[in-house]
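Have the viewer open as you read.

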Amino acid sequence: MKRQVALVLVLMLVFLAACSNNGGNSTEGTGGEGQGQGTQTEDPGSNKEEATANGFKDGKYDPPISLTTVVGLDQNAAVFKKGESMEDNVHTRLVKERLGIDLKYDWVVTNTNDAYKTKLRLMLSSGEKMPDVVRYRGDMETVNLLLDSGQFMAVDELIEQYAGDLYKEGLELDPTIWYPITRDGKKMALPILDYAYNGNQTMFIREDWLRKLNLEAPKTLDELEVVMDAFVNQDPDGNGKKDTLGLATGFKNGFNTWMTDIGFVFGAYGALPGSWNPGEDGTLVHGSVEPKAKEALLRLRDWMSKGYISQDSALKDEVGGSEMFTKGQAGIMVGPNWIPAWPLPDLEVNVPEAEYKAYPLPTGPDGIAGAAGNNPPVNGYLFINKNAKHPEAVLHYYNFFFDNLANPEPDSEFALGFAEGYDYAVLDDGTVIRDNNTAKEHAELFPDVDLNNSLPNPFFYTLTYEGARIPTLYADSMVKAAEGGELVTPYEKMEVGGRKEQNIHAMKVIMDQLDVYHKNYYMGPLTDTMQSKNELLSKLVNEAYNKIIYSQSPPEEFDKMSDSWHKSGGEQITKEVNEWYEEVK
Amino acid sequence: MKSTVKSAPPAPVATSPARIPRSSVRKPRERWSLTWPLHLMLLPAVLVTILFAYVPMGGLAMAFQDFKPYDGIFGSPFVGLEHFRFMFEYPDSKQVILNTLIIAGLKIVFGLLVPFAFAILLNEIRMIFFKRVVQTLVYLPHFISWVILGAILTDMLSSEGIVNQTLSAIGLQPVFWLGDGNWFRFTVVVSDIWQNFGFNTIVFLAALAGVNPSLYEAAEVDGASRWRQTLHITMPAMIPIAVVVGTLSLGNILNAGFDQIFNLYNPLVYDKGDIIDTFVYRTAILNGQYSFGTAVGMFKSMVGLILIVISYRLAAKYAGYRIF
């Protein structure tokens with residue numbers, strides 16, 4: 001009995017402790033929010049004075065300040081020299097020496113199975129004190145949790161005052177970059193910039209097939225049909241069997257995907273499924289239920305029945321769809337500029353004589369082409385603690401990387417990489433080694449590095465995941481190369497020099513038709529109705545789309561679907577989306 | 001009344017019967033002094049069970065809350081049966097539950113019949129080596145993950161896959177296995193049986209190994225044919241274990257196999273192939289509706305529990321077999 005009593009008591013104590021602990025948190029939390037608003041309106045001003053008083057002079061804090069953060073080590077970031085760690089390495093030393101910023105890590109986890117995300121969320125829900133700066137790259141749900149936690153400050157004034165020109169230019173490239181992280185008109189996090197236009201897709205065609213069948217590259221959907229018909233019926237691979245396809249596509253994951261996207265057929269009719277587009281009256285409409293989409297569906301239905309696209313398309317995801325092209329089965333594939341680097345090398349393995357080239361997306365009956373793309377060049381965010389002593393230090397840090405490492409001048413300090421003996425080494429004859437296989441032959445140049453692993457790359461140690469990226473730099477350099485410009489800067493030599501010709505050409509094709517790409521204009525958090533209805537609505541759309549394409553349902557199914565889409569919550573969501581749009585735009 | 005008189009200590013008459021209850025009162029304490037180390041050894045297991053099986057059940061509170069990860073279980077507001085109402089009012093619920101029942105039901109029935117028959121067939125084989133090899137081979141797919149099997153099947157069953165090539169080679173129409181609702185159910189059930197019947201086959205074979213050989217000898221002496229022996233000796237010997245397997249699997253009537261369906265299905269077969277678990281995955285997990293997911297999970301567990309209890313009672317009554 002005593003034991004039982006003891007056990008019950010212990011359990012109750014545990015329970016009570018948990019309760020009271022949490023009770024404390026929630027009050028703290030609400031208090032925090034109040035404070036947060038206070039910070040937004042008043043603090044930046046006082047911070048500024050403090051900052052100058054605390055002395056950031058000549059690009060350096062003297063005496064050094066400390067900046068706390070947390071990190072989840074991804075595989076590529078977890079490669080260290082012997083004796084170095086996340087807390088102490090060439091990156092932390094550089095930052096301390098040059099900027100007077102002493103990076104301190106409250107904790108470091110190996111980021112497997114979303115360990116970093118889990119730990120962040122636990123910190124949030126247990127009300128633990130947040131470090132000065134938190135980075136996050138991944139699902140928007142966690143981003144929204146962080147934004148709404150009330151622990152982080154608005155960054156409008158910080159950007160205004162401390163952001164360097166390159167960062168500012170990158171941000172100004174697309175004002176919608178702020179949409180997802182705007183709360184009550186305030187910018188609540190610093191976007192980590194990434195290369196722009198990298199997700200825009202265009203059409204790749206087998207050149208050898210076109211030549212063999214004496215065909216011109218198609219410019220319109222009608223011409224595309226002629227080419228596909230020839231690809232299917234005139235035995236382009238010359239094996240005497242009718243086993244070829246027109247277009248490689250896989251729409252298991254929907255009609256707005258990152259490769260083998262079929263959305264361009266809808267785009268040619270002026271609709272983009274799966275995204276919110278500004279309609280004629282300026283309000284946002286959902287592309288999946290626009291009447292224009294029906295015509296595109298009927299076109300696809302025709303293609304399916306004629307065998308231009310594979311019967312298995314609905315069962316294939318992006319990679320599965322691309323395999324139809326890389327197997328040498330299909331003659332056309334849609335994808336981003338970089339597919340010549342992956343997965344198209346498989347095509348050269350399977351069909352050595354294959355040649356392919358990028359072409360602009362075909363236009364529809366009204367002479368327009370369209371596809372999803374041009375999304376803001378952001379990949380992750382930095383959240384700054386509202387109680388941070390030196391919130392501006394984060395920007396000084398980011399500026400340093402933009403100014404010195406994002407696009408270094410020839411022969412400058414970081415021209416060849418982050419640090420010699422880490423991500424590169426130079427031989428006596430001037431050759432630069434950047435991969436661990438060649439490095440093995442010159443192990444003496446990489447002291448304390450495990451050459452069985454990839455070389456340690458200090459860019460991955462940075463707060464911003466990979467140093468700093470100037471959004472337009474990649475596309476600009478590629479276009480320059482495509483136009484025959486000489487590769488001068490280290491970045492151009494490194495990034496563009498190693499690219500395939502088809503890759504470089506594809507980027508130029510994409511940049512030349514930049515206005516056909518339309519981003520998804522809704523970037524806010526899931527609204528209440530979305531949470532409860534999203535699944536139902538997307539199921540309605542996907543089921544109807546697929547069944548129409550496969551002729552399992554009559555074309556009228558589209559109108560029925562559109563009707564019940566609106567009735568079962570779509571109307572309400574459209575209203576909520578537009579309320580959000582009004583607020584941010 | 002009598003018993004109270006008897007057990008009363010001062011009762012002078014019938015000393016011996018009075019002593020029995022008294023000693024039985026004392027006995028537990030004596031037994032305790034002897035057995036406490038055993039209980040102590042049991043303690044970790046009990047604690048682990050409480051910690052990992054019962055404490056997490058506290059999370060079921062989420063089913064009655066509007067759970068927000070930031071607020072936690074203690075901070076999220078209670079909404080009563082809102083999520084259960086939502087579940088039953090959701091337009092697709094009926095179809096999804098029906099699909100689940102059909103697919104899971106077929107899996108349970110054939111998952112019992114196939115190994116039952118296969119075990120009997122295997123039991124008749126004389127070459128022990130061959131028997132062992134077959135037994136191992138049919139058990140093997142049980143260990144392959146559906147992520148891999150799904151990819152293999154998608155390829156094999158594609159329009160130009162090996163299965164359809166074979167079909168057209170023998171002059172049959174190719175079948176759209178994974179894109180036609182009815183064929184999809186067929187594919188799902190058959191591939192599931194293929195993957196899992198090896199396990200129950202082993203269970204049934206174990207039961208058969210326990211049959212007394214003299215029964216067969218006696219039957220042979222009486223002139224029973226092989227078929228008669230199977231009918232009157234082998235099969236009755238397997239009934240109890242079949243009842244156990246069936247009873248246990250009934251708890252799975254609402255589990256139609258998430259791993260499998262998730263890796264095989266696509267929008268074309270939503271109407272025939274979407275089951276509760278895939279539905280919850282899309283609604284609750286992808287859209288952050290944890291409370292709703294918990295509510296459905298709880299509903300499933302309750303139905304499973306009720307079915308197990310009922311079928312166990314029935315099994316105990318009619319087949320006379322008790323598990324607990």
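Predicted model: local features only at pLDDT ≥ 70, side-chain atom pairs only at ≥ 80, totals over all residues.

Residues are numbered from 1 along each chain as its sequence is written, chains are lettered from A and ligands numbered from 1 in the order in which they are written, and side-chain values use heavy atoms, with hydrogens and water left out.

Start inside. A nonpolar core here is a set of buried Ala, Val, Leu, Ile, Met, Phe, Trp, Tyr and Cys residues joined through side-chain atoms within 4.5 Å; buried means under 20% relative accessible area, exposed over 50%, partly exposed in between (1.4 Å probe, protein chains only). The largest such core holds 87 residues, and A:Ile101, A:Tyr167, A:Leu190 and A:Phe383 have the most contacts inside it. Its top contributor is helix α14 (residues 392-406) of chain A, with 10 residues; helices are DSSP runs (H or I, at least four residues), as are strands (E, at least two), numbered from the N terminus. A second, separate core has 85 residues, including A:Met228 and A:Tyr581.

Zoom in on A:Tyr167. Beyond its neighbours within four places in sequence, its contacts (heavy atoms within 4.5 Å) include A:Leu190, A:Leu395 and A:Phe402.

Now find A:Asn89, in the loop between β3 (65-73) and α3 (90-99) of chain A. Is A:Asn89 buried or exposed? Its relative accessible area is 0%, so A:Asn89 counts as buried. Leaving out residues up to four places away in sequence, A:Asn89 touches A:Phe80, A:Glu84 and A:Tyr461. A:Pro458 is 369 residues away from A:Asn89 in sequence, yet their C-alpha atoms are 8.3 Å apart.

Finally, turn to where the chains meet: 31 residues of chain A are in contact with 34 residues of chain B. The buried area (accessible area, 1.4 Å probe, that two parts lose on being put together, summed over both) is about 3,100 Å², with carbon and sulfur atoms giving 56%. On the chain A side, A:Leu315, A:Glu535 and A:Lys539 lose the most area to chain B, together 21% of what that side buries. There are 4 salt bridges across this interface, each a side-chain nitrogen of Lys or Arg within 4 Å of a carboxyl oxygen of Asp or Glu.
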